[in-house]
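Dear colleague,

The structure we spoke about is below. My notes on its domains and sheets follow it.

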Amino acid sequence: MINILVVEDDVKLNHIACTYLANSGYAAKGCFNPQEAYDLMYSNRYSLIISDIMMPKIDGFEFAETVRGLDKDIPILFMSARDDLAAKQKGFRLGIDDYMVKPIDLDELVLRVTALLRRANIATEQKLVLGSLTMDAAALTAMIDDVEIPVTVREFNVLYKLLSYPNQAFSRAQLMDEFWGMESQTSLRAVDIYITKIRTKFASCTDFKIMTVHGIGYKAVLA
């Protein structure tokens, strides 16, 4: 089971968040300050940390900085009453992965936790498994039901990007900048051509669809 550490000095919210996460299939452990969190992390392995910012003695910023110094990969989600841009900027500069403003929606919390864990797994394993589809970033291979689908490096990278962030729309310009280079003189129409090729090659895979977002670009939608 996936272990999640919740660092929140509001006892009621801590309990509610842990209970909701547990009911969603996660093993959530609550503590009320960073010092307790350090003790728990010393003797247990956690896959994700949810932390408040405004806590006595050691605040969430210092806690996140310390954690990131010890583990560069573990996802950190801030859950705070602070809604100012300065707090968000500081958090992300220190290495957090997501930020939610209180009062939080618990269903949204679970969705964000699930997405962060999926991305962390993709980054660590360098593999994306989606139903019958397996994409191996190290080997640059894509397989459907153990049958390799021939793809170019650019086709692989575009599809891997879209599937790593399902339901998130990427503009043609974003994809062009990342996979063709900002200095490329290639027309944005090249992105459309590659998307068409990817759709054709992976037409037999029913686990996802690449949807056109009119006026923007493309997104992957999971079945």
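The protein is divided into domain 1 (3–125) and domain 2 (127–222), with bounds that come from an automatic or database domain assignment. The contact between them takes 4 residues from domain 1 and 8 residues from domain 2, where contact means heavy atoms within 4.5 Å. The centres of the two domains, taken over C-alpha atoms, are 31 Å apart.

This is a predicted model, in which local features need pLDDT of at least 70 and side-chain atom pairs count only at pLDDT 80 or more, while totals for chains, interfaces and linings use all residues. Residues are numbered from 1 along each chain as its sequence is written, and side-chain values use heavy atoms, with hydrogens and water left out.

Domain 1 and domain 2 bury about 460 Å² between them, 51% of it on carbon and sulfur atoms; buried area is the accessible area (1.4 Å probe) that two parts lose on being put together, summed over both. Arg118, Arg119 and Ile122 supply 80% of the area that domain 1 buries against domain 2, more than any other three residues. Across this interface the rule finds 0 salt bridges (a side-chain nitrogen of Lys or Arg within 4 Å of a carboxyl oxygen of Asp or Glu). The rule finds 1 residue pair in polar contact there, both at pLDDT 80 or more. A polar contact is a pair of N or O atoms within 3.5 Å; within protein, one must be able to donate a hydrogen and the other to accept it, and residues adjacent in sequence count only if both atoms are side-chain atoms.

Next, the sheets. Helices (H or I, at least four residues) and strands (E, at least two) are DSSP runs, numbered from the N terminus, and two strands pair if DSSP finds at least two bridges between them.

Strand S8 (residues 141–144) is joined to S9 by 2 bridges, and Ile144 has Val147 in S9 as its bridge partner.

The other open sheet I looked at has 3 strands, ordered S10-S12-S11 and paired antiparallel. Its edge strands are S10 (170–171) and S11 (208–213), each pairing on one side only. S11 and strand S12 (residues 217–222) pair over 6 bridges, and Ile210 stands opposite Ala220 in S12.

Regards
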